[in-house]
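Please read this report with the sequence and the model side by side. It takes a few strands and side chains in turn and describes their surroundings.

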Amino acid sequence: VALLFLAMVRSSSLGAALVLSQLAGVQPKVLTLTRRARQGSQRRLGEIDEAWLYGNLDALMVYHVDIYVGTPGQVQSVIIDTGSSMTAFACKSCGSNCGEHLDAPFDPATSSTFRWVGCDEPSCGRCTSSSCQYSVHYMEGSSIEGRFFEDILHVGDVSRRNRPAKAWMGCHSQETNLFKTQVPSGIMGLEGDGWDVLQALAEGPLERELFVLCLAEQGGVMTLGAVNESWTPLLEPITWVPYSPRYHVDVNQIALEHEGASKAVLPSFVGSFHYDSGTTFTYFTAAQNSALRSAIEAACASGAGACGGARQTSAECWSAEDADLSLFPTLRFGLGQDGSATYLWPARGYLFRHRRGQWCYAFQGDPPLTLGASFMMYHITVFDRAEKKIGFARSDCPEIRSRSENSDPSVGSGDAGGGGAGEAVAAAPSELRTPEGQGGGNASTTSTFAPQTNTTNAEASVAARRHSISRACVPAYGLSVLLGLSWPALGAAKVLPWRWLPRGLGAATCVAVGCLRHLGRSPSQSDLGAKASVLSPIRLALGFLLIRKVA
């Protein structure tokens, strides 16, 4: 019977482990697959701290990073936002006033290093009921409210052994609308403005007040303190431009390059743009947007195969294969006061994968002028706050599709095909712009970050389903093993007829395989489809029905 079970579950290492542990009389340990520590190298690179980014432009419409808060650390997923300055997330006391996010709400009571920020402390700009508070309201109706606290902050997965520091953060007591329905648990503002977690880290373990973002189609990398070229290989030297307050840079011209020719589309000063990682797309004026799209469409219509086999299917989208994108024109930006800093924006940046075989524009004509996450794709973007300058260079940003990945990010080319969303259809972005209210202190009063659509998080839902079914699955598995092993004895004693043995073993095997495959299934994007949601329940249902029939 043991050999039969092992043969049936040979493709599931966790299943085999559970079978062996049951037969040996050992209590099986059900692994949590939602968040596994990576097993890559644990090296330290000078003064660099590293973290994986998760997210995309289509389904989540944001990029987020894991942070650990308190002692012991409690994980919170926070949107990387260079358009605001506050790091904040829901606390346990918020209850139904906050939404259900990727991570459990932060529980101050379980942290030995937690303390509330007092009203008499510097930078506390709003005091209510003897507590330092914040309240931010946005034009489209969303809002967040809460209290400031101080605790230990650790950026990135614990396996990286990044250095912690004490920092001020926000503990939400209320979230509304898109803030309440977003998947990540909170937001990490990196705009500066006098106080944020980067400043706290720079005053503590980091040598330099600098951070780097490298965004891929799925996930990416963030480093603190310096550039880590082992994770983000540079395809060209870094170009630097100074920025004015709130990461604004001048765009002096935009040209279109295609098939060896260059054509000026916007030849003169375009405007002062805000570099904002929290805004999904890139935004121009309506006239600029129309001119850029017309130039791209004219280039693709200039001759047969000018953009491969791509064809425009609507005002927003193209039907195109991955290989076709390399034949699309490139937009060349002249950044800086004199426009001498050249930034190349390829089709893989100004188009995003809407679903398989369909790519849509990742820029719009709706001011304020913003260079969003789509503009940063497949470049390293260095925010050097010490020197007040932004650096950029084309890079093979690594793709990170899921927290459950178990190794260092694989570095791939920007032309690598495939998106974790696959057939997922993204709704039009809903941007949060120009909040109406004022926050406590410098609490992100000009944030432009874009929360994601009202979707449930796939990993969280799979983990919850796996946890709920495991309580019934493990006893049922034990029963199936007992039934299979005891059937010969029961038959010999004439308690049960021998002719029922095949059906009994079949039922036992069915339940065991169904349970083990369900428990051993990885929560990555590739198995969130029909197999995880249909086949395992069918196996379980069939097994239980057969057991009931036999009994």
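## Terms and model

A residue is called buried when its relative accessible area is under 20%, exposed when that area is over 50%, and partly exposed in between, with a 1.4 Å probe and protein chains only. Strands are DSSP runs of E with at least two residues, numbered from the N terminus.

This is a predicted model, in which local features need pLDDT of at least 70 and side-chain atom pairs count only at pLDDT 80 or more, while totals for chains, interfaces and linings use all residues. Residues are numbered from 1 along each chain as its sequence is written, and side-chain values use heavy atoms, with hydrogens and water left out.

In strand β27 (residues 379–384), 6 of the 6 residues are buried, so the strand is largely enclosed by the rest of the structure. In a regular strand the side chains alternate between the two faces of the sheet.

Two strands are said to pair if DSSP finds at least two bridges between them. Strand β11 (residues 210–215) pairs with β27 in the antiparallel sense over 5 bridges, and here cysteine 214 has isoleucine 380 as its bridge partner. Strand β28 (residues 389–394) also pairs with β27 in the antiparallel sense, over 6 bridges, with valine 382 standing opposite glycine 391. β27 and β28 form a hairpin with 4 residues between them, and lysine 388 in the turn has a positive phi of about 55°.

## An open sheet of 4 strands

An open sheet is formed by 4 strands in the order β19-β20-β24-β23, with antiparallel pairing. The edges are β19 (311–312) and β23 (351–355), and each has a single partner strand, so one side of each is left without a neighbour in the sheet. Strand β20 (residues 317–319) is joined to strand β24 (residues 358–361) by 3 bridges, and cysteine 317 stands opposite cysteine 360 in β24.

## Two buried polar side chains

Glutamine 133 lies in strand β7 (residues 131–137) and is buried, with a relative accessible area of 18%. Its side chain makes a polar contact of 2.9 Å with the side chain of serine 131, where a polar contact is a pair of N or O atoms within 3.5 Å; within protein, one must be able to donate a hydrogen and the other to accept it, and residues adjacent in sequence count only if both atoms are side-chain atoms. The side chain of glutamine 133 also reaches the backbone oxygen of threonine 128 at 3.3 Å.

Histidine 274, in strand β16 (residues 271–275), is buried as well, with a relative accessible area of 6%. A polar atom of the histidine 274 side chain lies 2.9 Å from the backbone oxygen of arginine 246.
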